[in-house]
Amino acid sequence: MEILVALIAAAAFILVGIPIGYVLIAASVLAIWLTTNTPLVVVPLRLFNGTDSFPLVAIPLFILAGALMNHAGISRRLTDFAAALVGWMRGGLAMTTTASSMLFSEMSGSAVADAAALGSVLIPAMKERGYPAAFAAAVLSASATIAILIPPSIPMILFGAVTGASIARLFLAGFVPGVLAGAFIMLVSRALAKRGGFGDSEPFRLRRAGTAARAAAWPLLIPLIILGGIFLGWFTATEAAAVAVLLALLMGVAGYRTVRFAAIREAFTESARQTAVVMLLVAGSAILGWYLANQQAPERLTAWVLSLADAPWAVALILNGVLLLAGTILHSAAAIVLLVPILLPLAESAGIGTVHFGMMVTVSLAVGQQTPPVASVLITTCSIAKTEISEVMKVNVFFIAALLVVLGIVTFWPEVSLFLPDLILGKAAGS
């Protein structure tokens with residue numbers, strides 16, 4: 001009954017249009033006041049403790065690094081390189097969009113940042129070349145989602161902070177699912193372009209590829225330095241984020257000389273705004289998650305689900321169903337901080353390791369970014385393409401199906417994602 005008070009309050013606040021971060025806090029305060037004797041002074045303490053974490057410092061730093069790289073023109077250099085590599089295929093610009101997202105994701109860690117940075121370049125280019133606006137928005141939205149699969153990934157950093165799982169191991173586990181997602185999105189793009197009769201290819205030119213590779217050489221070194229440093233143990237994910245900011249500044253100010261003081265100020269402002277949104281969600285989720293944990297929600301949920309189905313595959317399907325549903329109504333940060341502590345005991349009862357569960361969570365929430373009503377990435381690309389979400393969803397369902405295939409692979413063949421961290425970092429108990 002106590003748990004229902006919190007959930008009903010949250011649903012009511014959402015229906016009247018209150019932003020989700022405030023909803024989580026308000027619902028928690030109301031539930032604590034009505035159903036417990038806990039003094040409300042605990043609320044500000046828990047809000048602070050929910051964000052007082054060294055790994056979480058990586059989030060604003062990676063957001064800032066992505067903003068600085070965008071101002072430095074790195075996204076365009078990566079796009080030109082991707083176009084030179086895959087532009088010769090049918091639906092070449094769609095292929096370029098996916099390849100660019102895979103490259104840019106290794107620096108930003110944020111799907112929304114990926115969509116905003118690449119969308120302003122690629123969506124107008126696709127529309128100019130005769131691609132339908134709905135298709136352009138859908139393919140970029142699906143491709144941008146790869147940013148939370150290929151490291152560095154902000155949702156993976158959050159998952160590691162919440163569960164204590166190794167962020168380096170999570171990062172390595174995300175590589176193969178990210179590449180699979182990119183490959184499946186490309187296959188769907190090619191099939192849709194062929195069926196729709198748009199997206200003519202252009203011949204491959206070795207000289208163009210060489211020129212584009214030289215122009216993108218320095219940006220391509222950034223993920224090698226960041227991720228190589230993490231995996232070799234030179235620095236933590238948070239320290240790597242600081243290195244990424246430093247490299248972005250050096251490249252933009254001293255290297256390409258495309259970043260001036262006004263651009264730096266704008267990048268800091270953008271990053272502060274995005275960080276505030278994320279951290280408010282984290283804080284709100286932390287207080288509600290603390291309340292639900294005190295009411296023994298994880299234990300009750302585990303007992304109830306196991307009373308219905310105790311087969312590991314059935315529990316995995318239930319977990320995916322809950323996460324997919326949560327992804328449609330919650331920002332990924334809120335979903336992770338709120339649900340992971342509740343669902344992790346259930347996953348462990350089915351023999352699902354922490355890193356394996358982290359991959360299930362990340363891919364499920366990647367799908368959630370494509371499904372209204374929240375659909376933060378989809379809304380961003382629709383805004384850039386100037387088209388309605390209802391029109392884009394008619395195309396996006398095919399890309400969502402591709403991402404669901406990846407989710408199925410990650411869920412039922414965990415070796416696909418776990419073999420890389422096991423190979424490089426060695427096997428870990430409970431991964």
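1. Basis. Residue numbers start from 1 along each chain as its sequence is written, and side-chain values use heavy atoms, with hydrogens and water left out. Because the model is predicted, local features need pLDDT of at least 70 and side-chain atom pairs count only at pLDDT 80 or more, while totals for chains, interfaces and linings use all residues.

2. Largest pocket. Its volume is about 710 Å³. A pocket here is an open set of points on a 1 Å grid over the protein atoms alone, where a 1.4 Å probe fits, with protein on both sides within 12 Å along at least five of seven lines; the volume is the space filled by probe spheres set on the points, which are joined across faces, edges and corners.

3. Its lining. The largest pocket is lined by 24 residues (each with an atom within 4 Å of a point), and L7, L292, I329, L338 and L339 lie nearest its centre. Two or more residues each come from α1 (2-15), α2 (20-35), α14 (261-294), α15 (297-308), α16 (312-329) and α17 (332-349). Helices are DSSP runs of H or I, at least four residues, numbered from the N terminus. α1 gives the largest share, 7 residues.

4. The lining of the largest pocket has 23 nonpolar residues, 1 charged and no polar. Nonpolar means Ala, Val, Leu, Ile, Met, Phe, Trp, Tyr, Cys and Pro; charged means Asp, Glu, Lys and Arg; the others, Gly among them, are polar.

5. Second largest pocket. This one has a volume of about 380 Å³. Of its 24 lining residues, S110, V112, V278, H331 and S376 are the closest to its centre. α14 gives the most to this lining, with 4 residues. By class, the lining of the second largest pocket divides into 14 nonpolar, 9 polar and 1 charged.
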